Amino acid sequence: YTWGMELPLKPSAGTCDRCGINRWKRHRHHTLPLSLGGSDDPENIEFICANCHEDAHHPQGEHGVIRT
């Protein structure tokens, strides 16, 4: 596998893989973190919006972040 052959190196505008909202910018997120044995394979990558990325790393209530 060669990184970047199937996925863009930088996420672009499009629909968030989690919430489905069309966003002008998406973040590349590892479903299983690299630190826990995840990989850079396309199957382990999601393109998600900033709100969903925050929720993925800081569950509701952590660091004072509460989504309504």
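**Ground rules.** I took helices (H or I, at least four residues) and strands (E, at least two) as DSSP runs, numbered from the N terminus. With that in hand, I found Glu 46 in strand β4. I am working with a predicted model, where local features need pLDDT of at least 70, side-chain atom pairs count only at pLDDT 80 or more, and totals for chains, interfaces and linings use all residues. Residues are numbered from 1 along each chain as its sequence is written, and side-chain values use heavy atoms, with hydrogens and water left out.

**Overview.** I counted 1 helix and 4 strands in the chain. Reading from the N terminus, I noted the order β-β-β-β-α. I called a residue buried under 20% relative accessible area, exposed over 50% and partly exposed in between (1.4 Å probe, protein chains only). By that rule, 25% of the 68 residues are buried. I also looked up the accessible surface (Shrake-Rupley method, 1.4 Å probe). The chain comes to about 4900 Å², and carbon and sulfur atoms hold 53% of that.

**Strand β4.** Which way do the side chains of β4 point? I saw Ile 45 and Phe 47 on one side and Glu 46 and Ile 48 on the other, all of them buried. Next I checked pairing, which takes at least two DSSP bridges between two strands. Strand β3 (residues 27-30) runs antiparallel to β4, and 4 bridges join the two. Within this pairing, I found His 29 bridged to Glu 46.

**The salt bridge.** I searched for a side-chain nitrogen of Lys or Arg within 4 Å of a carboxyl oxygen of Asp or Glu. How many salt bridges does the whole structure hold? The search gave 1. I identified the partners as Arg 18 and Glu 46, with N to O at 3.0 Å. Arg 18 sits in the loop between β1 (14-15) and β2 (22-23), whereas Glu 46 belongs to β4 (residues 45-48), 28 residues apart.

**Cover at each end.** Are the two partners buried or exposed? Arg 18 has 42% relative accessibility, so I logged it as partly exposed. Glu 46 is at 14%, so it went down as buried.

**Neighbours of Glu 46.** I defined contact as heavy atoms within 4.5 Å. Setting aside residues within four places in sequence, I listed Asp 17, Arg 18, His 27, Arg 28, His 29 and Thr 31 as touching Glu 46.
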